[in-house]
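Please keep the sequence and the coordinates open while reading.

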Amino acid sequence: MKKGIMRGLAGISASLLAICFVATSYTATRAAFINTRLGTSSTKLVETGDPSTDKYYYKSEFSSLTDLVEAKKSLAAEISSEGTVLLKNDNSALPLAAGSKVTLWGHNTIFPALGGMIGSSAIAAEGQESASFMSAFGSRGFALNEDFINLYTSEEAFAYTRETFFPGAGLLPSFAATWEPGQFYMTGEIPASMYTDDLLATADDTTAIVVITRDSSEAADYQPGMVCATEGDAFERPLALSQYEQDMLNLAKAHSTGVIVLINADNAMELENLKNDPDIDAILWIGAPGLYGLNGVADVVAGNVNPSGRLVDTYAVNSTSAPAMQNFGMFLYTSSAEDAVDLDDWYIVETEGIYNGYKYYETRYEDQVLGQGNADNAAGSTTGNAWSYADEVSYPFGYGMSYTTFEQKLDAVDVSVDGGTATVTVTNTGSTAGKSVAELFVQTPYTGGIEKASIQLAGFAKTGEIAPGASETVTIKIDPALFASYDENAVKADGTQGAWVLEAGDYYFAIGNGAHEALNNVLALKTGSEDKLVKLNDEGVNAANAYLWTLADTDIETYSVNVQNALQEMDINKVIPGTAEYTTRADWSKGWKSVDPITPTEEMNVGLGNDNYKLNANGEGVTWGADNGLTLLDMVTVEGDGSITVADLDDPRWQSLVEQVSLDEAIQFIECAGDDIENIDSVLLPRTFMNDGPIGFAYDQLAGYKTRWNKSDSAAPTYVSGSEAESTYSMATNPTEPVVAATFNTELIQREGELYGEDALWAKESICICPGVNLHRTPYCARNHEYYSEDSVLTNLCAMAFCEGASSKGLVTQAKHYAFNHQELNRSGLSTFATEQACRENELRCFQGVMSTNTTDTVMTAFNRVGTVFAGAHEGILKQIARNEWGFEGGFVTDMAAAQAAEYMNWCDTVAAGGGLMLASTNGNFANTSFGIMENSRDAIASDTYYQEQMQEGIKYWLYALAHSNIINGLSQTTEIVPVTPWWQMALYVADGILAALTALFVFLGLKSKKKVKE
Amino acid sequence: MKRTIGFYIEFAAAVVGLVSAGLYGSSMIITKNTYIFIIAAAAVAIISSFAATKTPKVFNWGAPLAACLMAAGIAYSITVMSDPIGYFISGLYTINDLKTWITFMIVAGVSWLLYMIAGFTGMVREA
C-alpha cells in the first residue's frame, strides 16, 4: 500500500513539476507582461551620475491624479454636449425648463450604448461611477418619473435586456472566420403590454425622453437581413426602428406633454418616420458618448449648452440605399471550400468608387437637378420609382440645428492652386447664445472624364460662444490637396503615371448647414435658379454664399511630387476585366450589382499564397552590435525652456544608433511588439508600454493607472502607488470618435489628445493605439464608432488635431487601420478591391493628414489585404504612398498578429515590405505557421542583406518615433539598465526546486519500500 | 500477475487522452508540443500497462510518468492560449472564441486525473 501511495504522490509531484517547469520557461518569455500586472520589473534604471538631475522632460499639468480624472470627466461632458446634434425641434420643445417633470422612456435607458461592446473601444467602469441617464438628468434638476425606472430595472424587464454576452450587448461579435454573417440583433426594448395603465398615467404630465439604442462593437457588423432576436419584436432592418420601439413611441406620444427622442447610436439609423411625425417634437443624436458623456447630453436638454454639433454621416431614409451596400458582407472566391475555413477565402469589391456617403447622394442629386447622367433612373431608388433626393435622405452630412438662429455670410474666398483662405461671418440672429460651425464645401469641375463628387468638404471652423445679436468672423484654410482628384491615367513631366489633378474649369466654394445646403447654394449660383432645388429640413438657399473660382489650366504637378500609381492591382477590372460594374456619374443606372464569385487568377494567387518574399543570400551584410557609444537620448535635445526637439531622421547618427542593436535584439524587437515594445538595452531604450485605443487606454485585463508602475519608479512626479482612489480606474472613458468629430471643434479635439497624453504620463504608457481613421463606408460596419466619419477631410482634420494634442505631452499615437478596414466580418485576410482613385480620395486621404505631417508617430496596418496582398506587407501603401509620397517618418506595426497565427500575417513578408513590427506579445504563435519563429531563421536572415536593411529601417523609424515619446522620462546620459530577477520569477525557480526534490523523494521512497517488500 | 483496477483506469486515461488530442485540433491556437506530450503519455500508458504484467515493479511507474507527460501537454496548450485568454478577460474575445479549447481542457484534465489515480493503484499487483 505504502509503495502505491509513494508512486501516486510521485505522479502528482512530477505532474506539478512539469507544469511548473513549463510555466517557468514560458513566463520568462512573458516577463514584461507579468511585471506590468504585478508591479515588478526585470530591469532597473540605475542612475550612475548626479541623482538630482531633472530627468522628467514631459511634465504633467496636473498636481494629482484626482485633478486629471476630474478634467477628463469635464472634457468628456464638454465633447458630448458639443457633439450632440439637434435634428428636430418643433415648437422649441427643447431646451426643457429647469425642474421639468421627465419620463425616461426605453429599457435601454438602463443599458445605453456608451462605447464598444468588445474590442479596442470596449467600455466598462472599473471602480468609478459612470454617468447614467438617471444620474445625468437627475443632477440637472429634472424630476424623473421613478415608476418607469422601477419598471425598467425590474426582473421582468431584465428578460428583454440586450444580452448576447453580457447585459447591454446586442450584437454577436466573433474573431473567428465564419461562413455565415450575423443573423440576429436584439434591440433590448420591452413589449407595450408591460406598460400598465396605472404606469402610463404617471407619465401623462411629463415630457417623454425616449432613448433609441444601437450597439457598436469590434469584430461585428450589422447585416440588412438580420432578424430581431427578441420574440415578439421585429424590424425591417436592424438600423430601422423595431416594432417594440415604435410601440413605445406611440405610448410616449399618448402619455406625455411632449416627446424628445435621443438617438444613442453611432451607426446612421433610419429616422425618416421620426422626422415626419408631427407628434415627435425633438430629435437629438447623441451617439455613444462614453462613460461620462451623458452629463453633456443632459446639459444640452437642460439648455445649459446650446447644441452646435453637426452630423458626421448621411442619414438616409433607407440605410441600404447607397451603392456601397451592394458589395458589403460576405463574398467567397470560387476556390473556397466550406470545409476548409481559411483566411484567404473572402473578398470585397468597393464598386461604389468615390461615391461614398454624401458624395453619392449629393452628386446624384445635382445630376437629377441638371437632368444629366440618367440620375432619375429607378436604379437605387428606395421607392422603386424615379430616383428623387427627397425620397432618399432624411438628414444630410454636416447638418445640425441650434436653440438659436445663425446667419452665415461667405465674406471672401482667396484661393489659388497653392491654397488660400475663406472668411465667414457668423451672426447670432436669435435670442440664445451659442456656437456655430462654418462648413466650407467645394465643387470641382466635372468634365465627364475623372469621376467627381458634386460637393465635398474643404474645411470648417467652429465659432466661440456668440451672444445674441453679435457676430464672429472665422477663417477657413483652403488646401487644394484635400479636394484634388486622382487621375490614374495622367502622365507627369517626369514620365511617371498617376497624379493629383486640379482640372481647368469652374470651382465653386460654398458654405452651408451641411453638404446639401452648400450644394444648393452652388446650384443656385451655377444655374441662376432655385426652381428645381430640394430643400430639406430648415435649410435655405443663398447663391451669395457660393463663390466661383475659375482655374485656367489643368495642374497635375503641384500635388504630385513623387506620386505615381501604386494600387492598380486593387482594381479588380484590371486583373480580371469586366468583373465589377462601378458607380459612375456618366450613368447612375450602373453600379448596382453585387460582384459575381471571383476565381483567383495566377497573379492573384501570388498574393493569396502568403509567401511574397523568400529569404535569400545576398549582399555584403549589415552592421549589428556596433559600439558607437550612442543612446536614444543622444538624439533628443531639451532646450532651456523645456521644449524638446529630436534629431532629423536624415541625421547619420540614426543609422549609427541602429547599428548598435544586435541581430538578436532586432529579432526580439520586431517579433514581439504586442502589449509593449521590447526594450533595446544597447541603445538605452526601456520597455515601452502600448495599449488600445480610440476611447482611451483600454483596461487590458487589469484596469488602472497603477498597473504599469513599480516601486522603483516612485521618484517619477506622476507615479501612482495604488493608494489613490482613482488608481484602478478605467481610462477608456471618452466619447466615441463620431461624437468627437460631430463637435467640428479641432481645439476641443486637440485638448482631448492632450488629456490622452496626460493619462499616458500618469499610467506609464507611451503609445496609444488610436485614433481610428478608417472611413465609414456603410452604416452597417459595427465598428464605425472607432472611426470619425464617412468623410475623408473631416477624418483627416480631426485626426490631426487629436494627434497634435497627444504628441505635445509625449504620447505616441498609432493611427489605425492602414488601410481599407471597412468591415469586421471575416476581416482577417479579406481581399479588398477598389479603384485607385477611390482609395486615394477617400480612405487614404483620412490617413494622409496625420502621416504626411508626421503628427502621428506610428501606424497600425489592417487585418485585411490590399488587393490580394496583406496590408502590412503591401509595398504600395507602405513604401510608395506613405514614405515616398507623404514623407511618413513613423513606424508601422501590424494588427493583432498574435491572435491570428495566420500564414498571411507573417513576419517574413511584413518586414521585407517595410511593414515594421509584429503585434504579438510572444513569438509563440508564429511557431504554428510554416514560417516558424524568426529566431529559427536567424542564419537565413543573417545572410540576406536586403532583409536586414529592411529590419534596420523599420527599427530606425520606431526609435525615431519613440524619441518623441515620454519614454525618455527618467533617462539621462548616465542612466544604466540593470537586469534584476523579480520575486515571482524567483518563486517559480524555488517551486521548481522543491517539486523536483519531492518527486525524487517519492520515487526513492517508492523504490525503497519495494525493496523492503522484497526482503 | 493480477491486474488491478488501475490497469483499466490507465487504459481509459490513454483513450480519453487521445480523444482530447483529437479535440485539440479545433482549438483557436495549437502547439505541436501538446500533441507530442499527449501522445507520448498515451504510448507510455499503453506500453506500460501491458509490460507491467511481466515486470510490474518497473512498469507500474508508467502511470505517474504518463501523468507527468499529460500535465506537460496541458501546460503547453495554456501557454499558446495565454493571449486569447487575456483578450477574453479584456473583452476583445468572447467565450465562444475559447469554447473549443475549454472542451479540450476538460477532456484532457479527466485523462490527467485518471493517470494520477492509476499511479496510486498500480496496474498489476506486485508479488
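Helices (DSSP runs of H or I, at least four residues) and strands (DSSP runs of E, at least two) are numbered from the N terminus, and two strands pair if DSSP finds at least two bridges between them. The structure is a predicted model, in which local features need pLDDT of at least 70 and side-chain atom pairs count only at pLDDT 80 or more, while totals for chains, interfaces and linings use all residues. Residues are numbered from 1 along each chain as its sequence is written, and chains are lettered from A and ligands numbered from 1 in the order in which they are written.

**The two chains**

Chain A holds 27 helices and 33 strands, and its radius of gyration (taken over C-alpha atoms) is 30 Å, close to the 31 Å that the globule rule gives for 1015 residues, so chain A is as compact as a globular protein of that length. The globule rule used here is 2.2 Å times the number of residues to the power 0.38. Chain B, by contrast in its make-up, has six helices and zero strands, and its elements run α-α-α-α-α-α from the N terminus on.

Two terms are needed for the table. A residue is buried if 20 or more other C-beta atoms lie within 10 Å of its own, exposed if 12 or fewer, and partly exposed in between, with C-beta atoms placed from the backbone. Two residues are in contact if their C-beta atoms, likewise placed from the backbone, lie within 7 Å.

| Property | Chain A | Chain B |
|---|---|---|
| Buried residues | chain A: 59% of 1015 residues | chain B: 57% of 127 residues |
| Contacts joining residues at least 24 apart, among those between residues at least 6 apart in sequence | chain A: 80% | chain B: 82% |

**Domains and the contact between chains**

The domain assignment, whose bounds come from an automatic or database source, divides chain A into domain 1 (2-25 + 981-1014), domain 2 (55-63 + 618-696 + 736-978), domain 3 (100-308) and domain 4 (394-572). The centres of domain 1 and domain 4 of chain A, taken over C-alpha atoms, are separated by 76 Å.

The contact between the chains takes 36 residues from chain B and 36 residues from chain A. On the side of chain B that touches chain A, the elements giving two or more residues are helix 4 (62-80), helix 5 (82-90) and helix 6 (95-121) of chain B, and helix 4 of chain B gives the most, with 10 residues. That side of chain B is made up of 21 nonpolar, 12 polar and three charged residues, where Ala, Val, Leu, Ile, Met, Phe, Trp, Tyr, Cys and Pro count as nonpolar, Asp, Glu, Lys and Arg as charged, and the others, Gly among them, as polar.

**Strands of chain A**

Strand 13 (residues 406-416) and strand 14 (residues 419-428) of chain A form a hairpin with two residues between them, and they pair in the antiparallel sense over 10 bridges. Within this pairing, Gln408(A) has Val426(A) in strand 14 of chain A as its bridge partner.

Elsewhere in chain A, six strands form an open sheet of mixed pairing in the order 24-25-26-27-29-32. Its edge strands, each pairing on one side only, are strand 24 (676-677) and strand 32 (891-893) of chain A. Inside that order, strand 26 (residues 767-769) and strand 27 (residues 812-818) of chain A run parallel and are joined by two bridges, with Cys768(A) opposite Thr813(A) in strand 27 of chain A.

**Helices and single residues of chain A**

Met800(A) lies in helix 20 (residues 792-807) of chain A and counts as buried because it has 25 C-beta neighbours inside 10 Å. Leaving aside residues up to four places away in sequence, Met800(A) touches Gly849(A), Val850(A), Thr853(A) and Thr855(A).

Thr999(A), in helix 27 (residues 983-1014) of chain A, counts as buried because it has 22 C-beta neighbours inside 10 Å. With residues up to four places away in sequence again not counted, Thr999(A) touches Ala10(A), Ser13(A), Ala14(A) and Leu17(A). Thr999(A) and Tyr756(A) are 243 residues apart in sequence and 52 Å apart in space, C-alpha to C-alpha.

In helix 16 (residues 652-660) of chain A, the buried residues are Trp654(A), Leu657(A), Val658(A), Glu659(A) and Gln660(A), and what covers them includes helix 26 (945-963) of chain A.
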